[in-house]
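Good morning, colleagues. Please look at the model on the screen while I go through its sheet, its helices and its cores.

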Amino acid sequence: MNSAIFGYDATVFQKVPQGIEIHHSMRKETRTETPFYLQTGFLSKIPGLGLILIFTLPVILVKINPKAGLFFIAFCISYWTVKVFESYYFVLSSYLALLRLNKADFRESEIMMAEAGGIRHVVIVPIFTEPYDVIEENVAAIAANDYPHLENVTVLLATESRVPEAEANAARIIEKFRDSKIEIVNVVHPDGIPGEGRVKGSNITHAIKEYEKMRKLDPHNTFVSTIDTDTLVEKNFFSIVTYKFLSTEYRDQAIYQFTPVYSNNWTKGTFFARLIAMGTTIWQLFESQNPEFYRNFAVYGQTLHCLRKSDYWSLTSIVEDGLQYWRSYFAWGSHFRIVNVPAVCKMDVVEEETFGRAVKSQYKQLRRWSWGCTDVEYVIPEFARRKDIPFGEKFRKTGYLIQNHLFWAGGPLMLFFIGYVPGIFENLRNSIAVLTVPFASSIIFTFLFATVVFPSVISIHIMKRYTKFRKRDYVFSVLQWTLVPVLTLTLFSIPAIESQLRLFFGKRIDTFETTRKIQRKKA
């Protein structure tokens, strides 16, 4: 199998030995008392405590030992400066690979000709309050694919019984596309099933389980994707996904992450919605170059066998995508990874009728995404329980999980004030450090601010490919990136801070019923 074409070295990945496969149903319940540091009451405090630590640590260090404190400040500034340029390199490498692979036509490749006909694609589209025409565009994009085996594609419209309009819209969709090659099935998720929350995971889990009752499926050759209702897949989507899947060794032991591009209503979105959407795409490009810490997000797929092994999706988690990696990772005894797939899914930026409502909706979306900090409540106890996973791997993955959420919430604010910490101490006010540290940090951050020309150029290049780009959009696209520092300190960081504080005090955020309303409204 040709895995090298996608930059994946299969030699560093091993198939799960037959003797150590672990399934959720094989776990034995024990009566031993759980240590306090593995209990939810303590674990939920970790992100909040970490947030307090990153704000107070520079002050504490300078107070205890000025030299150590100043060294720490210099290290933080230097470290994140290097990370910025590292991210630019990885983003550029990933984007060039995306362009190269999107130009290729895999339909007549040897492996596709030999095996693609045996792959069944099941695409789950969860529907809540989205209007009919948004759903119609989604299904139409799937039906218009140039994939030579569209008869093997099934779209599951996963509707909710508590929203009768969704069922009516699904019936209209099935009638409209009855002559297309794809199969469309509406699966209604009953409300109030014991043990379930009103979350996306319970809806899509019910959908695939019901479909399994309708069809006899080969779990190893059934590829299950989940995409949002506002998603428009590119015409070559299934060809790229199938080729990537067939070219991957140990294909059951992976989640396949598609490439999200927020371009559907790009010109209608506010400047901050466009920036956050573009930043999400760029972040995905960056993360795809870091295989050990790459995580799935929003649009992805995996085999039915992998789904069964991980017990499908969480029935209670508000953020089901990031947690799905961990559920699969532990189900496979850590022999698991995320595989990047350069199949573009065009999605919506947040759009509302007024500026104020757009800010509120964007804030809620970011708060929901940042609620992934709750993964620590699941990951740390699992690592503690699993003796078959090396300690070094546990340490790296746990550390990266915590670091990511801490920097999201507190990193920008910490870097903003860290250079001024020496000036708050009386004994250092006559020191040269009080002048040089803020001055040096100011020069560095001014230089970094000037480098936003790189993401602005990348964003223009991406958007030109996937949306109508007017002449004035070139100017707006460059100018809006100058607002990144302000947005980073406000609309980007504050929702994450709220999520971590809510977790700390045990106040959960709204669930699927509220967050799914943050969708593009079409006439």
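Strand E1, residues 120-126, and strand E4, residues 222-226, run parallel and are joined by five bridges. Strands here are DSSP runs of type E with at least two residues, helices are H or I runs of at least four, and both are numbered from the N terminus. Two strands are said to pair if DSSP finds at least two bridges between them. Ile-124 has Thr-226 in E4 as its bridge partner.

A word on the basis of these values. The model is predicted, so local features need pLDDT of at least 70 and side-chain atom pairs count only at pLDDT 80 or more, while totals for chains, interfaces and linings use all residues. Residues are numbered from 1 along each chain as its sequence is written, and side-chain values use heavy atoms, with hydrogens and water left out.

Let us continue across the sheet. E4 also pairs with E7, in the antiparallel sense, over four bridges, and Phe-223 stands opposite Thr-303 in E7. E7 covers residues 300-303; Tyr-300 and Gln-302 point one way, Gly-301 and Thr-303 the other way, and all are buried, that is, under 20% relative accessible area with a 1.4 Å probe, protein chains only. Strand E6, residues 254-262, runs antiparallel to E7 and is joined to it by two bridges, with Gln-257 opposite Tyr-300.

The open sheet has eight strands in the order E3-E2-E1-E4-E7-E6-E8-E5, with mixed pairing. E3 (183-189) and E5 (232-233) stand at the edges with a single partner strand each, so one side of each has no neighbour in the sheet.

I turn to the helices. The axes of H11, residues 320-331, and H13, residues 376-385, come within 10 Å and cross at roughly 15°; axes are lines fitted to C-alpha atoms over the stretch in contact, and angles run from 0 to 180 degrees between N-to-C directions. H11 and H13 are therefore roughly parallel, a term for angles under 35 degrees. In H11, Leu-323, Trp-326, Arg-327, Tyr-329 and Phe-330 meet Tyr-378, Val-379, Glu-382 and Phe-383 in H13, contact being heavy atoms within 4.5 Å.

Finally, the cores. A nonpolar core is a set of buried Ala, Val, Leu, Ile, Met, Phe, Trp, Tyr and Cys residues joined through side-chain atoms within 4.5 Å. The largest has 87 residues, of which Ile-142, Leu-157 and Ile-462 touch the most other members. Helix H9, residues 271-287, gives the most to this core, with nine residues. Apart from it lies another core of 37 residues, including Val-122 and Trp-326.

Technical notes
Buried < 20%, exposed > 50% of the residue type's maximum accessible area, 1.4 Å probe, protein only. Parallel < 35°, antiparallel > 145°, perpendicular 65-115°, else oblique.
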